[in-house]
Amino acid sequence: MIANIVKPGHKTRGVLNYLYGPGRANEHTDPHLVASFDGFAPDPGRDPDATLAQLATVLDLRVKQANHKAPQNHVWHCSIRAAPEDRHLSDDEWATIARRVLDATGIAPAGAPDACRWVAVRHADDHIHIVATKVRGDLRPPRNWNDFLRADKELEAIEKEYGLRHVPRGDRTAAKRPTRAEQEKARRTGNTRTSREHLRTVARTALSAATDTEEFFRLVEGAGALIDVQYFPSGDVRGYKLALDGDTNAQGQPVWFSGSTLAPDLSYPRIAERLTATETTPRVPTGSTAWRRLTVAIDRTPDHLSNGGTEAGQAHITVLAEALDVLPLTAPASLRSDLLQAATAFERTSRSRIRAEHRQAHTTRRAVKSILREPAPKDGVLLAVLLDAVLLAAVAAQHWHRTRGHTQQAEAASQAAEHLRTAYQAAAAGPLAMIHQQGTQLPEWLHHQQAAAVRRALPEQAEKILTETGWPALAATLAQASSVGLDSAALLTQAAERRDLDTAMSVTEVLAWRLHRIADLNQRTTSRGPAAPQSAPYRPARTDQQRRTR
């Protein structure tokens, strides 16, 4: 159950006309009062002799009495909507809910003789509208500051008492939703997204790709958006605002949006903070490609979330969102739709009340920016391995937010994971089939050798692994690791400790991609070629004591 308190207006009759009218798409049915301030307000929906003018006069009585002391925008309008799957509430139940919300917000405290005048109108099964005039009986305004938060808290209690769906609560860090006017304008012009949503995507993508603020401005402009940068008298940047080319108001002027109105983390100070954290961090020379560095960095994200501090954890989730923002630009066309939907959903996870310490995630952020400056990998295995790592990181982000009570962010991560799973399955189908075929061609003695490694490393899961249809692909991967001098059993132990295998849909598939990541098999076989098996392990598994002291 959610409340929506709109900006105060000054036309009581205008609001009533809408509530008792047919609606914008004839969606209003049987409009009538379910409750009022005294129980005797005229109801044009039930009394044929009552009129909207009479109802407006009753509500505005104290506004007229207060004269110039009344607030200019005296109409308080709040809609309360149940979730689609909730049962239909009766008029009496809605009346009780309306009174509780009015009491909680301070508009009409229970038992107060001088409370504001109000009515609750129902014109649909799933919601009501409360209209009040903000002048009390003593002709003073009500004390209704923080009314939305108070209403939301009361509705959370109502959900529990009435057995309704628990709606995830926000922490006031979500991006602002498009207004009704923006949505209607998008429909009129044939656009699937509003200008606000389009510009938010442009800004987030540019931020993920840029290495400094000047490049950020250039990338935004290059994406087809108009940009206006404001400066202090000293010449320092004060802020910026964006508009879509061709999106104008009634006067023919561009409709501008400041960065902070697109999303809290898109204000200029927050952008500059994030980019500066990357600029000032020393670069570490490396011979691997950006795609491999990104895969390795994202593969470590679940460990960072489990073992790092809260500020560092939020930073790693934020940079994971940046990776998702740029992947649709570089991935094959067949994957872009799901990746774009994943990025759109995951955007909500990148902000919470925890302030991100961006310097903690500079390695991943550099790799994210670098993949746009390098050719996309032609190797389908590397792309599948990367998407598998991103999927596991998104699941870890969901758990991280849920354990901290961030319900909206956890839900967003869950939605993103579903889209990522679809993209991963599409990307992995071809490479898995190829590796599976290689596994079926291995000599029998090599199959026995790798099966023995599985039994040594994972005795409890061994029989399940060996009977899965994906076993040939895992056997081929283990054989590839052995051919470059790595210990198969040690690798399996290390791969298994990074994820609970009991919840995996395909244990062999999870282990195969995990081995590719931790051993970088593609890079090893490409640079070194086949080698005789050696007994030295790639990296020994950590002991219980090492895990405790890490």
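Two strands are said to pair if DSSP finds at least two bridges between them, and strands (E, at least two residues) and helices (H or I, at least four residues) are DSSP runs, numbered from the N terminus. The views below come from a predicted model, in which local features need pLDDT of at least 70 and side-chain atom pairs count only at pLDDT 80 or more, while totals for chains, interfaces and linings use all residues. Residues are numbered from 1 along each chain as its sequence is written, and side-chain values use heavy atoms, with hydrogens and water left out.

**View 1. Strands β3 and β5 are joined within an open sheet of 5 strands.** Strand β3 (residues 75-81) and strand β5 (residues 127-133) run antiparallel and are joined by 7 bridges. Within this pair, W76 has A132 of β5 standing opposite.

**View 2. The sheet of 5 strands has the order β1-β3-β5-β4-β2.** The pairing in this open sheet is antiparallel. At the edges stand β1 (2-5) and β2 (32-36), and each has a single partner strand, so one side of each is left without a neighbour in the sheet. From one strand to the next, the twist averages 25°.

View 3. Contact here means heavy atoms within 4.5 Å, and angles run from 0 to 180 degrees between N-to-C directions, with axes being lines fitted to C-alpha atoms, for helices over the stretch in contact.

View 4. Strand β7 (residues 237-244) is joined to β8 by 2 bridges, and K241 stands opposite S258 in β8.

**View 5. Helices α16 and α17 cross.** The axes of helix α16 (residues 380-403) and helix α17 (residues 407-440) come within 8 Å and cross at roughly 160°. The two helices, α16 and α17, are therefore roughly antiparallel to each other, a term used for angles over 145 degrees.

Definitions and conventions: Angles under 35 degrees count as roughly parallel, over 145 as roughly antiparallel, 65 to 115 as roughly perpendicular and the rest as oblique.
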